[in-house]
Protein chains: 2
Amino acid sequence: MVKGGRAGMGIDALDGRLITLLDREPRIGVLEASRRLGVARGTVQARLDRLRAQGVIRGFGPQVDPAALGYPVTAFATLEIKQGLGADVRAHLASVPEVLELHTTTGEGDMLCRLVARSNADLQRVIDKVVGFEGIVRAATAIVMENPVPLRIIPLVEQAARDV
Amino acid sequence: MVKGGRAGMGIDALDGRLITLLDREPRIGVLEASRRLGVARGTVQARLDRLRAQGVIRGFGPQVDPAALGYPVTAFATLEIKQGLGADVRAHLASVPEVLELHTTTGEGDMLCRLVARSNADLQRVIDKVVGFEGIVRAATAIVMENPVPLRIIPLVEQAARDV
DNA sequence: CCCTGGCTGGGCAGTCTGTCCAGCGAAAAC
DNA sequence: GTTTTCGCTGGACAGACTGCCCAGCCAGGG
């Protein structure tokens, strides 16, 4: 299949171009995308269906900027958890709106979470809310000053499309 | 204006409901959204325009899952940078597709970046590519095991809408 | 050599979008 | 108290898109 059929998983060049196009101009529809990519509309539709079915594209939810919501300060906190209390800590952190994401990482029950706050002063309140919970032994916070590379995926998509 | 007009910035309850709705069902259009929210279509359209203009909603780009692309391993790396080489390091990291985001943080030219890799073994290759660059003094990597709270924004949106 | 699977190009009905408009009600300004 | 301003409503229109269907073509796999 020289036309670009895939082999079980991964994405091909057309998939990559489609994703990149959608990332740059999310408002365009299937029809316009097919024009830009130089393929039939049905092809784009089929590719999109497959990409969603495979889970490559999770969805097209709104990308909300915390700063525009009034939370311009971002920080990362490394947490050290007391053995056995991981589940409680997870539940606690999940209940805090300012915790945007939480990961458990290698290294003795450590967790890493991303926080936002209304100001540097407000960050103190958030941190207190986060760490003021039994089970958290120690917390180290790093405040974000600059964000040279905002969360992105396109370069990886292009690499994945290239490596077929 | 008891109807929900905003006061210069921030979002009101209707904005919050709209964002939440779009987050849950991104495929619905303005018309369907207006039905669900119980307001006129023009209102939804106006709110959406304003939210985009304010930067609250950056866009509706596709949410791509790195794991489905063949990169199921995530890690966070803390980098210590040699004074004065920050710009070079930023450029270098920006050129690595596996670097999904990069932040500079408080604490002596430190940086924090999110990495993905095809496997734990592959992670070694990625890390070598990342830290194999003059200017990076030291690197500490934490591999993500679990992700109890995936990147989210809705709880914060609801809080912001509540606090008006 | 036939079959399978993907892509093409076309068509159709239903629906949504973008964009107007007049009117209304309430807060804000005077 | 009165006027102005602003957001929301409800309706209308043409244009465009979507979801869905189909026959035909082509190349690789069996």
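Tutor: Chain A can be laid on chain B by a turn of 180 degrees and a shift of 0.0 Å along the axis, with an RMSD of 0.0 Å. That is the relation of a two-fold axis. The superposition is by least squares on the C-alpha atoms of residues with pLDDT of at least 70 in both copies. This is a predicted model: local features need pLDDT of at least 70, side-chain atom pairs count only at pLDDT 80 or more, and totals for chains, interfaces and linings use all residues. Residues are numbered from 1 along each chain as its sequence is written, and chains are lettered from A and ligands numbered from 1 in the order in which they are written.

Of the residues of chain A, A:Phe60 comes closest to the rotation axis, at 2.7 Å (C-alpha). The same surface serves both copies: 100% of the contact residues of chain A recur in chain B. Contact means C-beta atoms, placed from the backbone, within 7 Å.

Now look inside chain A. Helices are DSSP runs (H or I, at least four residues), numbered from the N terminus. Helix 1 (residues 13–24) and helix 3 of chain A pack at about 85 degrees, with their axes 11 Å apart. Axes are lines fitted to C-alpha atoms over the stretch in contact, and angles run from 0 to 180 degrees between N-to-C directions. Helix 1 and helix 3 of chain A are therefore roughly perpendicular, a term for angles of 65 to 115 degrees. A:Leu14, A:Asp15 and A:Leu18 in helix 1 meet A:Val44, A:Arg47 and A:Leu51 in helix 3.

Note on methods
Two residues are in contact if their C-beta atoms, placed from the backbone, lie within 7 Å. Helices (H or I, at least four residues) and strands (E, at least two) are DSSP runs, numbered from the N terminus. Angles under 35 degrees count as roughly parallel, over 145 as roughly antiparallel, 65 to 115 as roughly perpendicular and the rest as oblique.
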